[in-house]
Amino acid sequence: MTYHSTRDESHRASLSTTLQQGLAPDGGLFVPSSFPDLSPSDFEGLDTPAPIAHRLLRPFADAALADSLDAICRDTYGFPVPLTDVGRRTAVLELFHGPTAAFKDVGARFLASSLSVLNDAADEPVTILVATSGDTGAAVAAAFWKKPNVEVIVLYPKGKVSDRQEQQLTGWSHNVQTVAVRGVFDDCQRLVKDAFQNDWWQSNKRLSSANSINVGRLLPQMTYYAAASLWHWRDTGRAPNVIVPSGNLGNVLACLYARRCGLPIGEVVLATNANRPVTHFLETGEYRAFETKETLATAMDVGNPSNMERLRHHWPDVDALRDAVTARRIDDTAIRRQIERGPKAWDTVWDPHTATAVEARENLDPNDERDWILVATAHPAKFPEVVDPLIGRAVDVPPPLADVIARSRPAPEIDPSLDALREVAGHA
Ligand SMILES: *Cc1c(COP(=O)(O)O)cnc(C)c1O
């Protein structure tokens, strides 16, 4: 399997190379050049996420990773991803049982594990530069913390993440440094992209990225869709339909990839918050970036989703893309309402991101008889400022998250410029 750039198909690379480079040399994003043609029978006898992941990802790996892939998948899934029935032909795929209580733990741990294998023999550490709108940085920091041969610099927009997210971002040490940027998420993302094109960074650091632009984050996210769809298929003989809370579009793209590999997945719906780039594009066929709008689902506050470039590469015809995926835009009023009524209506406490999927589910035709999986992207205890007042009590913090919170301390602040970043990163 090779990978090529979204901007120029002649830029080809193996999985190991894409993991280490992050971005293609022409500034494009790497995508798989082909997809394996699998069916549920290829997964016979495989019940848990790690072996299912190994079977699915085998065709995507190159020789440098093939022998370690089984161990990498087991390392990635050090926690369960339960599919919980909540009634009304609806199940919830709980992706929040990892160390930082959000789905990004899966991709971050796969990437950390893979890079650690690949850099085993190197004498220079690889520098992971990561922009975060909240959860990415925490997941990446937790996954890479104290791993040999890698250093990590996490950039987050000061004041644009919740207090609890900030606590998870800032408690790190050793090979992990966190920097607070005076700006929005798109500024952080731009800094990362610019560093990749910049001479000083190119000559002084072996740069890689751990954002959802890295194939090493994207591919493992296919695996929980594989597991959940197989479980549902074996139980019912039906392919489930899936609703994915989305911002930068990495998670939903992984779902579309899993379906393309032959997994039994029906309709894919992406739920956004009030930010408009995706719904505007699907409605009009014209893509444009929007100013980032702040909402209750902060990790989805993205005005110019980077994975849009991959979506448009795979589905250059907008009508074909409309067939592949539909989008629902959910505003803060609906998010609040769903969190508030969650305990009564679904016997569940939703986090603000998952609440967008719940709203999208409830907005379906009341006569819809199909089976739906709602993707729960985070644990509600990550967002107590929003959730606690709406349900009238404090959500219990899962123990791994409590450990992370206990370590937090303030991070240095910078203006959104490469010079300022270089100033702090020089001491990394
Ligand atoms: C990152 C994140 C999202 C959005 O995922 P994308 O892959 O960027 O679309 C949704 N919910 C939570 C909790 C997140 O952390």
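Trainee: What is the largest cavity here taken by?
Mentor: By the ligand: the space that the ligand takes is the largest cavity. A cavity is a set of points, on a 1 Å grid over the protein atoms alone, where a 1.4 Å probe fits but cannot get out. A molecule sits in one if more than half of its atoms lie within 2 Å of its grid points.

Trainee: And what should I know about the model itself?
Mentor: It's a predicted model, where local features need pLDDT of at least 70 and side-chain atom pairs count only at pLDDT 80 or more, while totals for chains, interfaces and linings use all residues. Residues are numbered from 1 along each chain as its sequence is written, and side-chain values use heavy atoms, with hydrogens and water left out.

Trainee: OK, which residues come nearest to the ligand?
Mentor: Lys104, Asp135, Gly247, Asn248 and Leu249, out of 15 residues around the ligand. To count as near, a residue needs a heavy atom within 4 Å of the molecule.

Trainee: How does that shell split by class?
Mentor: Six nonpolar, seven polar and two charged residues. Nonpolar covers Ala, Val, Leu, Ile, Met, Phe, Trp, Tyr, Cys and Pro; charged is Asp, Glu, Lys and Arg; the others, Gly among them, are polar.

Trainee: Which backbone atoms lie by the ligand's oxygen atoms?
Mentor: Asn248 has a backbone N or O atom 2.8 Å from a ligand oxygen. For Leu249, a polar backbone atom is 2.8 Å from an oxygen of the ligand, and for Gly250 a backbone N or O atom lies 3.1 Å from one. The polar contact cut-off is a pair of N or O atoms within 3.5 Å; within protein, one must be able to donate a hydrogen and the other to accept it, and residues adjacent in sequence count only if both atoms are side-chain atoms.

Trainee: How much of the ligand's accessible area does the protein cover?
Mentor: 98% of the 380 Å² that the ligand has on its own. Those areas come from the Shrake-Rupley method with a 1.4 Å probe, and for residues only the protein chains shown count as cover.

Trainee: Switching topic: where is Thr279?
Mentor: In helix α12, residues 277-284. Helices here are DSSP runs of H or I with at least four residues, strands are E runs of at least two, and both are numbered from the N terminus.

Trainee: Is Thr279 buried or exposed?
Mentor: Thr279 counts as buried because its relative accessible area is 6%. Buried means under 20%, exposed over 50%, partly exposed in between, with a 1.4 Å probe and protein chains only. The Thr279 side chain also reaches the backbone oxygen of Arg276 at 3.5 Å.

Trainee: What about Pro220?
Mentor: Pro220 is in helix α10, residues 215-236, and is buried at 1% relative accessible area. Pro220 and Asn251 are 31 residues apart in sequence and 10.0 Å apart C-alpha to C-alpha.

Conventions
1 Å grid on protein atoms, 1.4 Å probe; cavity = no way out; pocket = protein on both sides within 12 Å on 5 of 7 lines; lining within 4 Å.
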